[in-house]
Every structure is written in structure tokens, then in C-alpha cells.
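Take a look at the structure below.

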Amino acid sequence: MRNLDAIIKAYDVRGTYPDQLDEDLAHAVGGAFVRVIGAAARDGGAGAVVIAHDMRPSGPSLVASFAEGVREQGCDVILIGLASTDGLYFASGVLGLPGAMFTASHNPAQYNGIKLCRAGAAPVGQESGLADIKNLIEQGWTSEYVGPRGTMTQRNLAEEYGAFLRGLVDLRGIRPLRVVVDAGNGMGGYTVPVVLKGLPLEIIEMYFELDGSFPNHEANPIDPANLVDLQKAVVDHGADIGLAFDGDADRCFVVDEQGEIGRAHV
């Protein structure tokens, strides 16, 4: 019996794959999630869950197992595929659906995890559902639902997400800038081109290839060692600013034109 206290944490589910977090546990979390938050239409919920994943190799199989658990409860699944964590939260908000994001954020390559939210991107933590999900799984609960399985459809919301972010700020007066972006082989390599396209920015790309093995450095800009390449590139290119994203691109660290480190949270 695995120690769920070590995997189901304060704000998410997270562990090494596959010894802590595997397809069986993802399946159980999917079913328990629907039961705990009443997402199924028969319970008065929205009737569907939106799911996304980052670039980690284990993501698609974990998503498939989680989706099976959801559908077995008579709840539909909408897959939006690759996304940053805030991209999943955008989908939860615009679709009015609970959601699940498969990511281990800035953790090393052997990790994966699940961030859960209610409709409108309201977070699910220990006090708002995670403890109940853990208890159900520990009890070995068996679904009593008998009825049609939920459906599964796919949507791509990347363009809508990018347009939404650009619409948050009046960018008509922005001056041309040279920007170095270190995506760390994480989801910034997917979202940055979508979000920043059409702006008067010269983007110098670093490590934009999606690769959950993180061949260049960990996608963890909290550690200054992972910013060294960006700092050098900013100075070498005479850039106005440098941006470094973590694995799921919901955290951004800033390097100024002199290569000095600041920090910003997306």
C-alpha cells in the first residue's frame, strides 16, 4: 500500500513516476475527484471535466487513466492537450468546468503530478477536496454508478488563451524590445509564441524544444544556477530583458538588461 500522505499534498498530487504516481493511482484520483466535487451532471454538476498536461513523457498515459476514472462516473471529458497550468485554469474559467492539470511544475524529470480545480479555476486543496479524495482512495471505494459512460472530446484553446492574455493590458503603445526567453524545455516553449505573437518583440529563443527530460538544465528558475545561460544570453545579445519559465510556465523569473536577476509570478 503506497503512502498517499507523501503523494497527495497540501495543494496537489505529486510524486515520482511510476513508483509513487502511476496510471492506477491517476485512475482512482479521476473517479474520486468526480465523486467528491459532484462534477457529474446527475449530481447537479457541470457534467464534464477539462484536462491538460505538460511535456513530461508520462503525461499522456496518466491523463488517459485519469480520464477513464472520470468517464466511469458518467462525467464527460474535454481534453485540451498540451498547456501551461494557467492555460488549464483559463480553460476551466472560460468553459465553466472543473479541471485537472498534469504537471510536476519545476520538479525534476522523474516527477509528475495533478493540480485540480473546480469550475472557474477555484483551487482544490486539502481543505477543499484533496483530503476527501485521499480518504476515498484509502478506503478502496467502489463506484456504485450504473449508467452510460461519459464521452471524451478534444479542443484546442491555445489561441483563445493567448488572445485573452494580450487583452489584459493595453499594448498599443509598447516600444520594440529584444527579449531573450529561456523556456527550459518546458511549456514556455509552447505558450510564449502563442501569447506574444504579433507584438513588436524580437524573441531570442532558448531551449524551446518540449522535452520533459530537461537536457539543458532543470526548468526551475528558483535555483540561480538555472539562470546562468539566460543571464549570459541577455548580455551577449544586448537584450532589453530576459525571461525564464518553470516547467509548467506558471512562474517567470526576470533578468534585466545587465543580466541581474529579478522575479515575477505569472
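## Helix α1

A polar contact is a pair of N or O atoms within 3.5 Å. Keep that cut-off in mind for the start of helix α1. There, aspartate 22 caps the N-terminal end: one of its side-chain oxygens lies 3.3 Å from the backbone nitrogen of aspartate 24. The model is predicted.

Helix α1 covers residues 23-37. At 1.5 Å a residue, its 15 residues should span 21 Å, and the end C-alpha atoms are 21 Å apart, so the two agree. Just after α1, glycine 38 takes a positive phi of about 65 degrees.

## What covers the helix

The buried residues of α1 are Leu25, Ala26, Val29, Gly30, Gly31, Ala32, Phe33, Val34 and Ile37. Their cover includes the strands β2 (48-53), β4 (99-102) and β5 (111-118).

## Aromatic rings

How many aromatic pairs are there? The count comes to 4. One of them joins phenylalanine 33 and phenylalanine 66, with 6.3 Å centre to centre and 40 degrees between the planes, a tilted pair. This pair links distant parts of the chain: phenylalanine 33 sits in helix α1 and phenylalanine 66 in helix α2, 33 residues apart.

Phenylalanine 33 counts as buried because its relative accessibility is 0%. Phenylalanine 66 is buried too, with a relative accessible area of 0%. Phe33, Phe66 and Phe102 form one aromatic cluster.

## Cysteines

The structure holds 0 disulfides. Cysteine 117 is in none: the nearest cysteine sulfur, that of cysteine 75, is 13 Å away. Cysteine 117 has 0% relative accessibility, so it counts as buried. Cysteine 252, at 6%, counts as buried as well.

Conventions:
Residues numbered from 1 in each chain as written. Predicted model: local features only at pLDDT ≥ 70, side-chain atom pairs only at ≥ 80, totals over all residues. Heavy atoms only, no water. Helix = DSSP H or I, 4+ residues; strand = E, 2+ residues; numbered from the N terminus. Expected span 1.5 Å × (residues − 1). Buried < 20%, exposed > 50% of the residue type's maximum accessible area, 1.4 Å probe, protein only. Contact = heavy atoms within 4.5 Å. Polar contact = N/O pair within 3.5 Å; in protein donor to acceptor, adjacent residues only side chain to side chain. Disulfide = S-S within 2.5 Å. Phe/Tyr/Trp six-rings, centres within 6.5 Å; stacked < 30°, edge-to-face > 60°.
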